[in-house]
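Here are my notes on the model, point by point. Have the sequence and the structure open while you go through them.

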Amino acid sequence: MNCEPHRRTHQRTLLLVDDEEHILSALKRLFRRDDYRVLTACSGAVGLDLLAANAVDVIVSDQRMPGMTGIEFLRRAKALRPDTVRMTLSGYTDLQSIIDAVNEGAVYKFLTKPWDDARLREHVAQAFRVTELAEENHRLAHEITSANTELADTNRRLKCLAEREHERVDAMTGATDAARALVDLMPVAVFGFDPEGWLVYVNRTAFDWLPAWAGGLGAQPDGDLLAALQRAQQSPQAAVPVESHGRLFEASVKVLSAAPDQAPGVVPPAGTEDARATCGVPASAQRSPLGTALMLMAHPLADARIQGVAA
């Protein structure tokens with residue numbers, strides 16, 4: 001919100017209305033030193049014409065005028081320029097009519113004749129402060145309304161974005177769950193490792209075939225499993241034979257997502273600060289939910305090609 005002081009678009013304008021020329025002249029001389037733009041009218045009708053053509057802030061009108069009284073003029077002035085501050089100069093003989101006008105809001109203040117110059121100038125200065133405060137309040141209210149409208153629009157856009165992001169996350173979660181279920185049902189033992197060499201994922205087949213190796217989930221892998229991994233890493237482009245617990249497997253190594261400065265098929269050294277990917281590991285077994293992971297895939301061999309090959 002703009003907090004700079006309100007700047008008026010026109011000079012402070014004062015309208016003086018009186019049917020006696022010498023009073024108008026005296027009032028005009030009195031306010032000349034205050035740097036107001038002073039308009040004068042010798043009747044209520046002329047005053048209304050000036051109001052229609054000029055932005056007026058404060059009106060000071062005589063009460064007893066032929067054709068249209070001051071109170072009648074000020075009532076019509078209120079309808080024409082409701083933001084003006086309207087004051088009347090009068091004697092006590094018209095007190096009741098003036099009180100009625102003040103009560104209905106047509107007159108802001110009642111000033112008596114003859115007037116005291118200093119007090120009259122102060123009353124008019126205060127009237128200008130009232131108009132400027134009302135203008136500032138109106139400006140601030142407009143800015144608050146605009147800000148609230150903009151905030152509501154922003155909230156609607158954010159809500160829309162949040163809903164779309166929620167839908168995207170739901171879709172990704174569904175895809176991840178489906179992929180995890182698919183890997184879980186593969187007739188291949190799958191072991192996932194994070195960049196620091198921790199065992200972070202084991203599928204169902206791995207638990208069935210190699211429970212001793214799978215039991216290290218969420219920790220440093222079993223020594224035999226680590227040896228199998230390292231052996232497979234030595235030949236990242238081809239499968240290698242591995243023996244475990246009297247069974248023969250063919251092992252290969254895959255990189256799920258390699259960092260830009262990391263070669264595929266290589267486990268980063270311990271202590272690396274790269275973020276790690278857990279490949280769908282349960283939260284209880286995760287050390288870090290983001291980054292690079294390696295998988296060791298093994299399956300039983302019925303082929304006699306590798307019979308007798310040492311682990």
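Is Ser61 buried or exposed?

1. Start with that residue, bearing in mind that the model is predicted. Ser61 is buried, at a relative accessible area of 1%. You'll find Ser61 in strand 3. Leaving aside neighbours within four places in sequence, the contacts of Ser61 are Val17, Gly70, Phe73, Leu74, Met87, Thr88 and Leu89.

2. Now the overall numbers. The chain has 311 residues, and 38% of them are buried. Its secondary structure comes to 8 helices and 12 strands. Of the contacts between residues at least 6 apart in sequence, 59% link residues at least 24 apart. The accessible surface is about 17,400 Å², with carbon and sulfur atoms accounting for 55%.

3. As a reminder, strands of a sheet pair through backbone hydrogen bonds.

4. Strand 4 (residues 85–90) pairs with strand 5 in the parallel sense, over 4 bridges. Within this stretch, Leu89 stands opposite Leu111 of strand 5.

5. Which residues have the most contacts inside the largest nonpolar core? They are Leu14, Leu16, Phe31, Tyr36 and Val124, in a core of 20 residues. Strand 1, helix 1, strand 3, strand 4 and helix 5 each supply at least two residues of this core. In soluble globular proteins, nonpolar side chains tend to be buried together.

6. Strand 8 (residues 240–244) and strand 9 (residues 247–255) pair in the antiparallel sense over 5 bridges, and Val240 stands opposite Ala251 in strand 9. Strand 8 is mostly covered, with 4 of its 5 residues buried. The hairpin has 2 residues between its strands, and His245 in the turn has a positive phi of about 50°.

7. Some backbone geometry to look at while you're there. Most residues other than glycine have a negative phi, and most peptide bonds are trans. Asp35, in the loop between helix 1 and strand 2, has a positive phi near 60°. Asp35 is exposed, because its relative accessible area of 58% is over 50%. As for peptide bonds, the one from Lys113 to Pro114 is cis, with omega near -10°. Pro114 lies in the loop between strand 5 and helix 5 (117–185).

8. Where is Asn54 found? Asn54 is in the loop between helix 2 and strand 3. Asn54 counts as buried, since its relative accessible area of 13% is under 20%. Not counting residues up to four places away in sequence, Asn54 touches Arg37, Leu39 and Arg81.

9. Last, the cysteines. The count of disulfides comes to 0, with sulfur atoms within 2.5 Å as the cut-off. Cys42 is partly exposed, with a relative accessible area of 40%. Cys160 is partly exposed too, with a value of 31%.

Note on methods. Residues numbered from 1 in each chain as written. Predicted model: local features only at pLDDT ≥ 70, side-chain atom pairs only at ≥ 80, totals over all residues. Heavy atoms only, no water. Buried < 20%, exposed > 50% of the residue type's maximum accessible area, 1.4 Å probe, protein only. Contact = heavy atoms within 4.5 Å. Areas by Shrake-Rupley, 256 points an atom, 1.4 Å probe, with all protein chains shown as cover. Pairing = 2+ DSSP bridges. Core = buried A, V, L, I, M, F, W, Y, C linked by side-chain atoms within 4.5 Å.
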